[in-house]
Amino acid sequence: MAEVKVKVQPPDADPVEIENRIIELCHQFPHGITDQVIQNEMPHIEAQQRAVAINRLLSMGQLDLLRSNTGLLYRIKDSQNAGKMKGSDNQEKLVYQIIEDAGNKVGTEFHHVGQAGLKLLSSGDPPASASLSAGITGIWSRDIRYKSNLPLTEINKILKNLESKKLIKAVKSVAASKKKVYMLYNLQPDRSVTGGAWYSDQDFESEFVEVLNQQCFKFLQSKAETARESKQNPMIQRNSSFASSHEVWKYICELGISKVELSMEDIETILNTLIYDGKVEMTIIAAKEGTVGSVDGHMKLYRAVNPIIPPTGLVRAPCGLCPVFDDCHEGGEISPSNCIYMTEWLEF
Amino acid sequence: MTQAEIKLCSLLLQEHFGEIVEKIGVRLIRTGSQPLRVIAHDTGTSLDQVKKALCVLAQHNLVSYQVHKRGVVEYEAQCSRVLRMLRYPRYIYTTKTLYSDTGELIVEELLLNGKLTMSAVVKKVADRLTETMEDGKTMDYAEVSNTFVRLADTHFVQRCPSVPTTENSDPGPPPPAPTLVINEKDMYLVPKLSLIGKGKRRRSSDEDAAGEPKAKRPKYTTDNKEPIPDDGIYWQANLDRFHQHFRDQAIVSAVANRMDQTSSEIVRTMLRMSEITTSSSAPFTQPLSSNEIFRSLPVGYNISKQVLDQYLTLLADDPLEFVGKSGDSGGGMYVINLHKALASLATATLESVVQERFGSRCARIFRLVLEKKHIEQKQVEDFAMIPAKEAKDMLYKMLSENFMSLQEIPKTPDHAPSRTFYLYTVNILSAARMLLHRCYKSIANLIERRQFETKENKRLLEKSQRVEAIIASMQATGAEEAQLQEIEEMITAPERQQLETLKRNVNKLDASEIQVDETIFLLESYIECTMKRQ
């Protein structure tokens, strides 16, 4: 019998089989697998075949290539995302990638090594929950240009395409009104971009702030009044004239004058403006952790107060408010003898 | 001395003492201390007149003199003392509230005459009071003396420095100018005088009493020839004490505005207890125990000890920080923080001026920068909740009016503006000085306007004076009703109206001067105590 040298063909020499095995492995290790792991799993496959399979998977957009401290990692790409990118070419995918990465400000040790050999240095993907709690400020178009090295016209075209596909959105920043930042469609922009509760469509709502200001002050004033009229012993009187920030917040919410949901910090900023108006004073007391409205073991209490002096003497004379004070001297065009402000004032 | 202060001094001297004194006074304020001959030469007035002017000024404590080496006497004017003349009405009014009419007239006489002996004061005041009393009643000297002694006890009037009585006669020639000394203990010591007498009513030629004055006249002349028992002991009004009183008043009213009436009464009691014991420039009063305060509360206030303790604790904890707790002995030792109180009052004055001049939003920004000490423009918008454009505008306006200043912090060594932090800050001392200067100029403007108004209507005023004189003389000689009517009609109705308006305007301007002077007082006290602390 002649010995037939039979090369034992490994059962999964078929490239498709290899790919499927790799995909299965990736599913098993959702955080990514190194080349070493694949090699261990399928020791009979040559390196070249492995490389071909991996490249195919990458180009099909089913695998993500990441670089970590230990080497290259392959990770299964979210199939939902994979479906979205159908029909977009590489450049669009790249830009989308940049925006997605920028949406997650927290840096990790992963670096995204992009397809088609383009190296990107943006930070990788931490768990999805972290991106929502950290401030999402979006990325500026110029930054996208730097990161991708694509020319301006290309970038604009791509951004328009992505916007029409409802994958990303543009948010006007409140700090610089001409500047647009881009972020993924489904993400909420951060307060620093939209300005929080006080801005509606990039406009500062002064009237809203004023109304809230007056309402808070009236509430505190009436509290102080009732405390003063109760005529009890002074300690109790003073303590009852105080209102915690939590009480004020509840009162404002119940008033229902605000269309936007206001948090306690918002109310505290309003109360701070009242302090700067000189109408309210604040003290901080230590409070037990469990009491309502306490933050980190202390509570802020507010109280309406009167100014300590009446309008001072200088402003009761016309000279105190005169806009041309520096030009006024005896014998000049403007002098005390012919001052029209004085004439009007004397006629009161 | 700034230009505004010199202008104001010249206006005041002119109004109170006349042209010549004003010339000499302003010359001295401008050029510092000068000897007699130089003054006469520079101002071009005769030596005689210069001497008289200096006499007047020295009598009113506006000018002091010093003997330099080589026997040259130099005269120096005190600009700040001249400015106190604005405050005379306030001093007189305060004494009226504390010691009623008698005290008021005593202080008025002292202020108008500069220095007086006690007997002279008592006599004058008794005479004046007698005139205002009903017929038949006269003012007793003893009552006036009592009030005077009380004023001296509470340090509202003090002895002037006098020539020291040398025990052994000086062999050499007397010095060109005497050096005046006053012993600290003697400053409020009232000499033992037995002033017996009553106020004399000054009668214009009265037929009924025609016989009496003739008989009494020889007695008057003999009275004047008697030596005055307290010759050489002159008294003057103690302005520092009045200032202390005003400061206490301001603190008490501030506490009343911020808290309630009872707290302000407690603070007033504490201040009254430390009137004599604390010097006027001390930062804190002496510590007072709560027991002492309880005993010294005015009789009408019957609050229990616990309530008092609660009030004191509240006062000590208040963010105003006027009252501080310095110990626990005697039920708790409390002090009043005078410098802090003055600083708060000065800050409140600044805030009030900013509010009236620029609006309440500007006032909000001003208080914000005061609290944060140094703050960037971006942060101002966020904290004050004011739209960016308006906030910028207001900050720049306040900056241009010198209420605020910028602090630059460069990021790079080349101080490039795009790479520098600009922080807004308020320096209270310099803002107070700026405002004080403005106050001086304002008062000068008000005085000028008042003089202008009076000058405009001079003709009318003279006419009305003539008419009054005629009416008075005709009444004295017993004219008929009809004739009086006729003369009164010399002043027509519109002229009467004009006179009314003039009187009203002059009063308004006068009152306004006094109000601005209140601001000056607060700012000056604050600047003085801050400079002393440094």
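1. Chain B meets chain A through 52 residues of its own and 49 of chain A, contact being heavy atoms within 4.5 Å. The model is predicted: local features need pLDDT of at least 70, side-chain atom pairs 80 or more, while totals for chains, interfaces and linings use all residues. Residues count from 1 along each chain as written, chains are lettered from A in the order written, and side-chain values use heavy atoms, without hydrogens or water.

2. The two chains bury about 4,700 Å² between them, 60% of it on carbon and sulfur atoms. Buried area here is the accessible area (1.4 Å probe) lost on putting two parts together, summed over both. In chain B, the most area is lost by B:Arg364, B:Met385 and B:Arg449, together 16% of what that side buries.

3. Four salt bridges cross the interface. The rule asks for a Lys or Arg side-chain nitrogen within 4 Å of an Asp or Glu carboxyl oxygen. A:Glu210 and B:Arg364 form a salt bridge through their side chains, at 3.7 Å, N to O.

4. On the side of chain B that touches chain A, α18(B) gives the most, with 11 residues. Helices are DSSP runs (H or I, at least four residues), numbered from the N terminus.

5. Is B:Glu109 buried or exposed? B:Glu109 is buried, because its relative accessible area is 7%; the cut-off is under 20% (1.4 Å probe, protein chains only), with exposed over 50% and partly exposed in between. B:Glu109 sits in helix α6 of chain B, residues 88-113. Beyond four places in sequence, B:Glu109 touches B:Leu116, B:Lys124, B:Val125 and B:Arg128.

Conventions: Helix = DSSP H or I, 4+ residues; strand = E, 2+ residues; numbered from the N terminus.
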